[in-house]
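Hello,

Here is the structure we talked about handing over. Please have a look, then read the notes below.

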Amino acid sequence: MKKIPVYKFYKHKYGDELLVDVISYEKMMPDIRRTLVFSETFYSITLVLEGSDVIAVNGKSRRLEKGLIICSIPGEVWSFEAEPQIEALNLIFEKEFLLSFFSDPHFLERFSYLQADRSSPFLMADEAAFERILTLYQEMRREITDYAQKDQHILRAMLYETMMLLQRVPMVDAEQVETVQRSLTDIPVSRYVDDFVQHVSDHFREEHGTEFYADRLCITPNYLNKIVRQSLGKSAKTYCTLIPPHTSSACSRNTWR
């Protein structure tokens, strides 16, 4: 399989562990221009301020414009056109940042725009919603960058408010989202497929349930089935009953800084 970069969360960017961040695309663009196709291990909600190029998430593409919101869950594949031009703020977080407060392990799956089987990864905010969400992004960014002691309760509250507001923002209709006609099938959907194969290799004699491996990877069984079927041509359950060949990691690991 073709290798792609996998970006993981830089937990100690600010010293003490912090599992939420707001990053300007200006800082991300040098890495994106070097590797136009990549995956991430964390949740990402990008608020587009300006842009005109086309972006794709898991093969679903949309032309960039002010107010577009791009929602990505761990393991999904991002794809940019050559020399992308975009001004945006990217809110990224690990699920543990919220689950440490909300005890429901399926809390994030209750948001329609973060579900693995959603029809589109894109939302389109009107002017009022855009300004309110932008203000929250800016306030989170100030809390993170301006204070030596980041108040994680304040950040968690602002993240939660943002996520609740996004529930009101309409999803871009499937008819307005194109399927990218690129050979992305040769690219691993995520690092999770490699890790899944390794876990099955280690445990296949005693464990044949999808939930066991999904729990190991901290993703849902439905999402695991989806990415395994896309990459390996069979369901995770079916693969678990086979004796897997030895496999090596297919992705490099990086962090957004």
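E139 and R142 sit three residues apart in helix 3, so about one helical turn separates them. This is a predicted model. The two side chains form a salt bridge, at 2.6 Å from N to O. E139 is partly exposed, at 34% relative accessibility. R142 is partly exposed too, at 38%.

The whole structure holds seven salt bridges. Another joins R34 and D31, with the closest N and O atoms 2.2 Å apart. These residues lie three apart in helix 1 (residues 25-34), so about one helical turn lies between them. R34 is exposed, with 61% relative accessibility.

R132 and E161 also form a salt bridge, with 3.6 Å between the closest N and O atoms. This pair links distant parts of the chain: R132 is in helix 3 (residues 127-146), E161 is in helix 4 (residues 152-166), and 29 residues separate them. R132 is partly exposed at 44%. E161 is partly exposed at 34%.

Now for D53. It is in the loop between strand 4 (43-51) and strand 5 (54-57). D53 is buried but has no salt bridge. The nearest side chain of opposite charge is R63, 5.3 Å away. A polar atom of the D53 side chain lies 2.5 Å from the backbone nitrogen of Q85. Beyond its neighbours within four places in sequence, D53 contacts several residues, including R62, L64, E81 and P84.

Last, the cysteines. The disulfide count is zero. C71 is buried, at 0% relative accessibility. C240 is buried, also at 0%.

Best wishes

Key: Residues are numbered from 1 along each chain as its sequence is written. This is a predicted model: local features need pLDDT of at least 70, side-chain atom pairs count only at pLDDT 80 or more; totals for chains, interfaces and linings use all residues. Side-chain values use heavy atoms; hydrogens and water are left out. A disulfide is a pair of cysteine sulfur atoms within 2.5 Å. Buried means under 20% relative accessible area, exposed over 50%, partly exposed in between (1.4 Å probe, protein chains only). Helices (H or I, at least four residues) and strands (E, at least two) are DSSP runs, numbered from the N terminus. Lys and Arg count as positive and Asp and Glu as negative; His and the chain ends are not counted. A salt bridge is a side-chain nitrogen of Lys or Arg within 4 Å of a carboxyl oxygen of Asp or Glu. A polar contact is a pair of N or O atoms within 3.5 Å; within protein, one must be able to donate a hydrogen and the other to accept it, and residues adjacent in sequence count only if both atoms are side-chain atoms. Contact means heavy atoms within 4.5 Å.
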